[in-house]
Amino acid sequence: MSHLLDPAVCPEQAIEIAPERPGPAWHTVGVSSPRAGGLLRRVPIGAAVDIGAYSVHLLVAEVHGHRLEPLADVSEPLRLGETVDARGELGFEAGFRLLETLEAYVAAAARHGATAIALVATDPLRRAGDAEPVIAAVTARTGAEIQVLEHHEEAYLALLGVHAGRPVLRETAIVDVGGGSTEILLVGPGRPPVAAGLALGAARLTRMLVKHDPPTPDEITSLLDEARSILAGAPDGWPVDLIAVGGTASNLLRVGSPLARHVLTVQRIARTLELLTAAPAEVISTQFSVKPSRARVLPGGASILLAVAERYGRDRVRVASGGIREGLVLAAVHAGSRWRAELSSLVNGWSR
């Protein structure tokens, strides 16, 4: 992958982004309240990039205490996990597409006023044999270093994104069904979270077990059996709340009845699986406004989420609007360049 640095292949473009700045960017805005007397206040801006097995996603947001106000929220379905599964590495083509995407994201973050940006990678760069030269190429071109997360760090950021830095008041399980892996975190009042990562992702499971479009009933049975088998190794817990984050859960909300906007019941997930086996991915994509590549792996994601609900004895799964990227923006704003070192304390929440 050293050829990614070759100017003949990738001519340098100047992007004024400082690596690992000590704190968040700040945006000065006017206060409209008459009592403010025309005073100005400074609003921190955080930027986060999540490099996942299915997509690469950018979030830039102002941070108002525990609340985020997005300035940019975009994604690119690079499907890096599929490449790593096939090759054991990203290789030139996928590596170059990733580099181009990250260049554009870093530049976009700069335009929105984020002079510091946090880049994290999950499943694909944890497994790619050429992760080190890819990371070096990205740093050389953008000035921003990719941090490859451990499973528990990924789960901690999801927790931050769900609770927005507020303390946890109920026994809770958080699940993030990704393309290549699933992270599960159990947490309750006054005790540290327990997190685990499983080699169980929607895209990975689909590539292993699904050969037809739409999947056959036997293939759905195989997806559920494999998910249940792997989830037997998940940490034990008795959560009151089961919360899902990420693209699998949010896209499942699009399919079927839209009445319960933020809740997936076990019955609803089962009905959704029936819908997904009744029509090809292209039809599902058009009918429910789901990306075609996402529609193809959604039966695998639904099977995993259904098995998680069974594993923890919950009939309802709440789908959170926040997740890893939101948690990363909050962590970067509150801890600056030390966000990763302080992550274990940040998950306990803060009052300001």
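1. Let's start inside the protein, with the second largest cavity. Its lining is made up of D213, P214, P215, L276, A279, P280, A281, I284, A295, R296 and P299. Please keep in mind as you read that this is a predicted model. About 50 Å³ of space lies in this second largest cavity, and the structure holds four cavities of 30 Å³ or more.

2. Which element gives the most to the lining of the second largest cavity? The answer is α11, with three residues. Both α10 (281-288) and α11 supply at least two residues each. Sorted by class, the lining of the second largest cavity has nine nonpolar residues, two charged ones and no polar ones.

3. A cis peptide bond joins D213 and P214, with omega at about 5 degrees. If you want to find P214 in the viewer, look in the loop between α6 and α7 (217-231).

4. Next, follow α11 to one of its partners. Helix α9 (residues 266-276) and helix α11 (residues 292-311) pack at an angle of about 160 degrees, and their axes are 10 Å apart. Angles over 145 degrees count as roughly antiparallel, so α9 is roughly antiparallel to α11. The crossing of α9 past α11 is left-handed.

5. Which residues make the contact between α9 and α11? From α9 come V266, I269, L273 and L276, while α11 brings L298, P299, A302, S303, L305, L306 and A309. By class, this contact of α9 with α11 has 10 nonpolar residues, one polar residue and no charged residues.

6. On the α8 side the contact is made by G247, T248, A249, N251 and L252, and on the α11 side by R294, L298, G301, A302 and L305. The contact of α8 with α11 has five nonpolar, four polar and one charged residues. Notice that L298, A302 and L305 of α11 take part here and also in the contact with α9.

7. Now for an open space: the second largest pocket, which holds about 170 Å³. It is lined by 15 residues, and the closest to its centre are R79, E82, A203, R207 and V297. The elements giving two or more residues to this lining are α1 (80-87), α6 (202-209) and α11. By class, the lining of the second largest pocket divides into five nonpolar, five polar and five charged residues.

8. Where is R79 found? R79 sits in the loop between β4 (67-76) and α1. Its phi is near 55 degrees, a positive value in a residue other than glycine.

9. Helix α5 (residues 151-163) and helix α12 (residues 324-335) pack at an angle of about 85 degrees, with axes 6 Å apart, which makes α5 roughly perpendicular to α12. Here E154, L157, A158, L160 and G161 in α5 meet I324, E326, G327, L328, L330 and A331 in α12. The contact of α5 with α12 divides into seven nonpolar, two polar and two charged residues.

How values were computed:
Residues numbered from 1 in each chain as written. Predicted model: local features only at pLDDT ≥ 70, side-chain atom pairs only at ≥ 80, totals over all residues. Heavy atoms only, no water. Axes fitted to C-alpha atoms, helices over the stretch in contact; angles between N-to-C directions. Helix = DSSP H or I, 4+ residues; strand = E, 2+ residues; numbered from the N terminus. Parallel < 35°, antiparallel > 145°, perpendicular 65-115°, else oblique. Left-handed = near helix turned anticlockwise from the far one by under 90°. Contact = heavy atoms within 4.5 Å. Nonpolar A, V, L, I, M, F, W, Y, C, P; charged D, E, K, R; others polar. 1 Å grid on protein atoms, 1.4 Å probe; cavity = no way out; pocket = protein on both sides within 12 Å on 5 of 7 lines; lining within 4 Å. Points joined across faces, edges and corners; volume = space filled by probe spheres on them.
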